[in-house]
Amino acid sequence: MENRTAVTQFVLLGLTSDPALQIPLFVTFLFIYIVTLAGNLGMVLLILLDSRLHTPMYIFLGNLSLVDFCYSSAVTPKVMAGLLRGDKIMTFNLCATQMFFFTAFVSVENFLLASMAFDRYAAVCKPLHYTTTMTASVCACLLISCYVGGFLSAAVYTGNAFSLSFSKTNVVHHFFCDIPAVMFVSCSDRHVSDLVFISVASFNIFLSVVVILISYTLIFTTILKMHSDVGHQKAVSTCASHFTAVSIFYGSGIFMYLQPSSRHSMDTDKISSVFYTMVIPMLNPVVYSLRNKEVKCAFTKTFFKTDHSGLNAFFLYEKTDENVLLRGISIGSVNSGYANRVEGFLKILRKP
């Protein structure tokens, strides 16, 4: 391991040095971060509060939302502080910490998407065996594997990057401590480090993509064999949100990372990085909620409770000369307002 004590801090150049753009960018990123926070933590809270969402699919979705919030939080607040206060200096240890947690949660998301693809395969292709396939112990093992694999990968990435020497310069052409940007300013020979990084990243992505491709191949084969239009539409709707999230995540990840650091264009990397560090975590809750009726219903029930869903009354009556005989009433969760309406309805029925 080479001497790394020559550099004690890094200077991040950020997105722009134009003062006229810093405030508009700050406002934009603040809005994105608030939406990300509300969307992802709201999704986690919704899944925790609604017992109907305590299923493997939504347990994975809750963890995905939590991971999105965490890896966005590892980057966005520091970027906003740099735009607002001009604070672009990060200590050596803080830079390593940011890199570790960012890569850890991104790697966890990589494995989570593969686990979610397997869950969708079990739901669409083996619906009668779904409850015995996706048991609580299976879900727990998959989740633990995702987090262990993600954090081990992050340890390799961070240790590999910071084993290099940075005695030549400490200016990082980026707005956060991303792996290619930090490795780019090293004065050491990066060929071995590039090989280690690309090998680990390629293995992780390849493993997840293979699981996803096999799962979706079997899913699409099953869908093509369906004769019912309702079943066909339901299966497509079940998988559409996940497939969209997978396409966005891996498309940006492959573009960013699976190339040697010597070929990286830092300006292009900055633009791409804004997308996968800030925009993707904001989009995932939207993608998963817009087409999901269960999430919409749970959201309405939990946060906008109405009395309409609680009123379920039916009246079987027989009108005689003097009164009405009510044969059956079934009313659930009726408040005083609806009680008054029911009473008024009964008075109308009792009129001769």
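**Notebook: helix packing and cores**

I counted the elements and got 12 helices and 5 strands in the protein chain. The model is a predicted one. I then looked up burial: 44% of the 352 residues in the protein chain are buried. I also checked contacts in the protein chain between residues at least 6 apart in sequence, and 76% of these join residues at least 24 apart.

**Helix 1 against helix 3**

I took helix 1 (residues 19-49) and helix 3 (residues 76-85) next. They pack at an angle of about 155°, and their axes lie 9 Å apart. Angles over 145 degrees count as roughly antiparallel, so helix 1 is roughly antiparallel to helix 3. I noted the crossing of the two helices as left-handed.

Which residues make the contact? From helix 1, I listed Gln22, Ile23, Leu25, Phe26, Phe29, Leu30 and Tyr33. Helix 3 brings Thr76, Pro77, Val79, Met80, Leu83 and Leu84. I sorted the residues of this contact by type: 11 are nonpolar, 2 are polar and none is charged.

**Cores**

I turned to the largest nonpolar core, which has 60 residues. Phe29, Leu112, Leu113, Ile212 and Ile219 touch the most other members. Which helix gives the most to this core? I found helix 4 (residues 92-125), with 14 residues.

I looked up Phe29 by itself, leaving out residues up to four places away in sequence. Phe29 touches Thr76, Val79, Met80 and Leu83, and also Leu15, Val274 and Met278.

I found a second, separate core of 22 residues. Among its members are Phe162, Met183, Val185 and Ala201.

Key:
Residues numbered from 1 in each chain as written. Predicted model: local features only at pLDDT ≥ 70, side-chain atom pairs only at ≥ 80, totals over all residues. Heavy atoms only, no water. Axes fitted to C-alpha atoms, helices over the stretch in contact; angles between N-to-C directions. Helix = DSSP H or I, 4+ residues; strand = E, 2+ residues; numbered from the N terminus. Parallel < 35°, antiparallel > 145°, perpendicular 65-115°, else oblique. Left-handed = near helix turned anticlockwise from the far one by under 90°. Contact = heavy atoms within 4.5 Å. Nonpolar A, V, L, I, M, F, W, Y, C, P; charged D, E, K, R; others polar. Core = buried A, V, L, I, M, F, W, Y, C linked by side-chain atoms within 4.5 Å. Buried < 20%, exposed > 50% of the residue type's maximum accessible area, 1.4 Å probe, protein only.
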